[in-house]
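This briefing concerns the protein shown below and the ligand modelled with it. Please keep the sequence and the structure in view while reading the points that follow.

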Amino acid sequence: MPPQSESCQPSIPSGPDIWKTPTPFVGRDRETAVLLDGLSSAARGEGALILLAGEAGIGKTRLCAEAVALARQRGFFAITGHCYDMQGIPPYVPFVEAIEYVARVVPRDELRQTLGDAAPEIARLVPDLRRLFPDLPPPAELPPAQGRHHLFNSLHDFVERSARVRPVLLVLEDLQWADESTLLLLQHVAQRVEEVPALVLGTYRDVELAPTAPLARCLQDLLRQRLAREFVLRPLKEADVAAILTALGGSEPPPGLISWLHGETDGNPFFVEEVVRHLQEGGRLLDAEGHWRPGGSVGHPEVPHGVRLVIEQRLQRVSEVCRRLLAAAAVVGRTFDFALLEAMSDEHGDGALVDAIDEAEKAYLIREVPRHTAATQEGSGEVPYIFVHELTRQTILAGLSLPRQQRLHRRVAEAMERTHASNLEPHLAALAVHFRQAGPMTDAEKAIDYSVRAGEAAADAFAYTEAITHWQAALELMEERAAAPERRAELLMGLGVLTYVSGVDYTKGIEYLERALQLYEDLGDREHAAWAHWLLGRDLTTYLDVADVSRALAHYRAAEPVFAAGQDELPLGHVNAGLAAAEWMAARPQEALAASRRSMEIGDRLGDGTLWAGAAIIQGAALAFNCGRLAEGLQLLRRAWALADELDEPTDAFFAAFIGGWCTFLFLRDSADAEVWFTRELARPRTAQARNPSLFLQELMRTASAIAGNLADATLGDMSRSTVALWRGDWEEQEAFWTSGRDGGLRAGNRLTEGTYSHWLARFYRARGDPVHAEEMFKAALEVGAEGRFLAFEMLERPDLALLYVEIGRFEEARAQLARCHEIMAQGEDWRGVAGRVALAEAVLAAAEGNLEAAGPRFETALDVFRRYGLPWDQAEASHLWGRAFAMAGRRYRPRALEAWDAAIEIYQRHGAGQCWIDRVEMDRKRVLGTLHPLQYPAGLSEREVEVLRLIAGGKSSREIAEALVISVRTVERHIENIYHKTGTHGRAQATAYALANRLA
Ligand SMILES: Nc1ncnc2c1ncn2[C@@H]1O[C@H](COP(=O)(O)OP(=O)(O)O)[C@@H](O)[C@H]1O
Ligand SMILES: [Mg+2]
């Protein structure tokens, strides 16, 4: 031993070194069987994702190591990648580690071949590949969503190609610390692993998993879609603990020791090991000959309760120099290498450092990373060290004061700069974070510079959350130091774009862009300001929560002339596409058509399919639903989707499917066709892998399905839930949702949203028997469509409004609504399910006017249409109303009435409608059979109005009536007005007289 070691005064007593051989692997028979099974399946080409959960130290890593050994015996190529409990880790780190390992052990030519054309993409994650293969072409330049998709696919292809040569075991450790990008990639891999000869094994700590952690969401998705199997590692049994002790001591330990140790550690193997080490270091377990001391350490008061406390005590026993080393290493990370520690060490000469490492290894606080699992530092040949457990590192860090940590971060950062001077690329994230975490001790310029570069590297690999974190930190530092406005503006724009692309926080994203715009305006930089305008326009029309259509229009209009004056037509095309969407939302079809046409023309000229498709969606939708040129518009929408699909362009393809499907079930009442739009897009990998778009389409799909009578499908979001609630008769649930959606549309100036929610609110009020509010909302929705702005809204509202008018005896107005429908339908377009609504309203009107002959065929038509388009609710309503028509036509039609009502009830029951729907039919039946009340009230008074009138006659005030009927006073007053109007009375006295004269009270 070198002389320096004397000064270390190692306090670990010599004695038998019980750690020379690793502890034997004990227990875990069931788990091992599952893994063996997984390996066999994988070898046959049926891959799987298995997740191992369990608390820290329970033995996840150890089980994986066993799996790796078993896999290698079976000829697998086994690789491990880790996630880390620290910032500054490059995105996708476990995959990066795995690929780095592959790059190290696989011969160059073979590697190049396996990488194939995925190489340029994979080099985004592992830049070192470019040094290995200098002739790699640059990666594809694609828009973000598509780019990420392409990257993920490339990675999948690489895994698949490797696995076809030799089956693969890929271990991904400690996913509880995984960043979002890693988890997205994991989900992508999981989607298709079934068909690949690969077993993916992931581990995570379940106890420490917050419900909001990125992993929690990912797990939910994986398990729900049955893409993964999961099992939880339980504590070791007493016999397992005994087996470990026996192996360590070479003979059977005293029984008391076993049960005490098992109880003390709850069967957590890491805890077991640490307690044994602790006792052994104190010389209390085995004597110098290696025999168990009699009685063991049963109930030894010096054993602290808790593994961290045990580690703390063990740390106390190593020398000061060793502790300093461990502190520096802990700041570096879970693994660290000698060269880096040396570069940051102020100990003179290697000797002391070597000794300290030696000592830490002996004390079993760190160990060398076994070659086969190591992803060593970019092939430097350096053997890295690793803390025996993350808990060890965490305990050391917890013992360091903040200033001490900050000093160490600065030293790590500077040492990294020196040791990796020739190739900083893979270390940008770490450098950024160490410089940032150095706090007041930092070199701020460097912290900014590395943060910007780390953010760029992350964004380049589509790891948005990570990129945003780096850039936000850079921005804060720039602001503190009042950096040049050009630099700040550029960063703000970058942040604005990333926030939009990633969907992290839209309000923030808009704020970034507004600040950038301000800076560019102050600088007089018109071109950049125009870009900021364009981005703001886009943000302000995308997400309802933050949308503001009129502000968006203003931004687009500000950008347009600047781009129109420039050479490049592309930005002008994009501005016009955005403008078209905003005009469409504002229900200004002529402007929307003009802008989308300009954009499509530019797309044609430049041969830019993406631009063309994006604009064609709006053009198609406006033609179909605003102008009522259904066939032509839908055809264009379908072409736009097909092109986006061919280009595999996720944003436009999603948007086309959304608009196409949604308009189809809403405006045409054709759920089956809507489902075609949705399922087609949902089946594409680009959508399946993108969480938000796929959830959104599924939500629309379930809404469409509820309209088509399927209430049993589990609902997903508020929209499908409220739609289901309408037919389940859960009134309370709905009003709030529809109202707040409508308010959102009003706030955002999005007329389309406003109209849609008004429509649903109107249907809800009509169903609840509140004609006053129903009328108000039908009219509000109609208002969006009025003056030829949105024919589809007219066709949607007018028939229902006509029905409502008939119900409250305002026949003249009903007629006017239907006349307009005919005018629209005379254009010869196929309005599908909605045509049935028109026929139904006509039938009801004819019946109310006493013309049952005319009503019959129209009821038939309506029912035919509803059957053809699979609309049971409409069918039931039609049967119910036809029954009423019969009942009103006199006693001889009574059997026909009862028949129709039976049919209605049967449909309601079969589809699980709420009792209130059935009751409404039952009530009519009772009236006819028991002649409960006359069915038809004089002066076209509605049932509700008669109720109100009766209460007026009873001398009740409006407030009392409101309370009795559980409606608002305002509604009561509206009813009263309608009553006066219909009965030609003025004031309560006259109304009461009327009620008495007509035997209504
Ligand atoms: N089944 C087992 N048999 C023997 N020792 C084990 C077993 N499981 C875990 N250990 C030991 O316990 C310690 C902690 O296990 P580890 O796998 O690192 O836990 P985790 O990954 O769950 O945090 C390791 O030193 C490991 O060797
Ligand atoms: Mg582990």
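In this predicted model, strands β1 and β4 are paired in the parallel sense, and six bridges connect them. Strand β1 covers residues 48–53, and five of its six residues are buried, so β1 is largely enclosed by the rest of the structure.

- Strand β3 comprises residues 168–173; six of the six are buried, so β3 is largely enclosed by the rest of the structure.
- In a regular strand, side chains alternate between the two faces of the sheet.
- In β3, Val168, Leu170 and Leu172 point one way, whereas Leu169, Val171 and Glu173 point the other way, and all of these residues are buried.
- β3 pairs in the parallel sense with strand β2 (residues 77–82), over six bridges.
- One bridge of β3 links two residues by name: Glu173 is the partner of His82.
- β3 also pairs with strand β4 (residues 198–204), again in the parallel sense, over five bridges.
- A right-handed β-α-β unit is formed by β3, helix α9 (residues 180–192) and β4.

**The loop between β3 and α9**

- Asp174 is placed in the loop between β3 and α9.
- The phi angle of Asp174 is near 60°, which is a positive value in a residue other than glycine.
- Is Asp174 buried or exposed? Its relative accessibility is 7%, so Asp174 counts as buried, the cut-off for this class being under 20%.
- Gln176 has its place in the loop between β3 and α9 as well.
- Gln176 counts as buried because its relative accessibility is 13%.
- A polar atom of the Gln176 side chain lies 3.1 Å from the backbone nitrogen of Arg205.

**The three-stranded open sheet**

- Three strands form an open sheet in the order β6-β8-β7, and their pairing is antiparallel.
- β6 (335–336) and β7 stand at the edges with a single partner strand each, so one side of each has no neighbour in the sheet.
- β7 and strand β8 (residues 385–387) run antiparallel and are joined by three bridges.
- Glu368 has Tyr385 as its bridge partner in β8.
- Tyr364 lies in the loop between α17 (349–362) and β7 (366–368).
- The phi angle of Tyr364 is near 55°, a positive value in a residue other than glycine.
- Tyr364 has a relative accessibility of 23%, so it counts as partly exposed; that class lies between the limits of 20% and 50%.

**The surroundings of ligand 1**

- Ligand 1 is surrounded by 18 residues, of which Gly57, Thr61, Arg62, Glu273 and His389 are the closest.
- By class, this shell contains eight nonpolar, five polar and five charged residues.
- Which parts of Gly59 and Lys60 lie close to an oxygen atom of ligand 1? For Gly59, a backbone N or O atom lies 2.9 Å from such an oxygen atom; for Lys60, a backbone N or O atom lies 2.8 Å from one.
- Glu273 contributes through its side chain, a polar atom of which lies 2.6 Å from an oxygen atom of ligand 1.
- Taken alone, ligand 1 exposes 550 Å², and the protein buries 92% of that area.
- Helices α3 (60–73) and α13 (269–281) are the elements that give two or more residues to the shell around ligand 1.

**The protein as a whole**

- The protein contains 49 helices and eight strands.
- Of its 1001 residues, 58% are buried.
- The C-alpha trace spans about 120 × 75 × 55 Å along its principal axes.

Conventions: Residues numbered from 1 in each chain as written. Chains lettered and ligands numbered in written order. Predicted model: local features only at pLDDT ≥ 70, side-chain atom pairs only at ≥ 80, totals over all residues. Heavy atoms only, no water. Near = heavy atom within 4 Å. Polar contact = N/O pair within 3.5 Å; in protein donor to acceptor, adjacent residues only side chain to side chain. Areas by Shrake-Rupley, 256 points an atom, 1.4 Å probe, with all protein chains shown as cover. Helix = DSSP H or I, 4+ residues; strand = E, 2+ residues; numbered from the N terminus. Nonpolar A, V, L, I, M, F, W, Y, C, P; charged D, E, K, R; others polar. Buried < 20%, exposed > 50% of the residue type's maximum accessible area, 1.4 Å probe, protein only. Pairing = 2+ DSSP bridges. Right-handed = clockwise from strand over helix to strand, strands pointing away.
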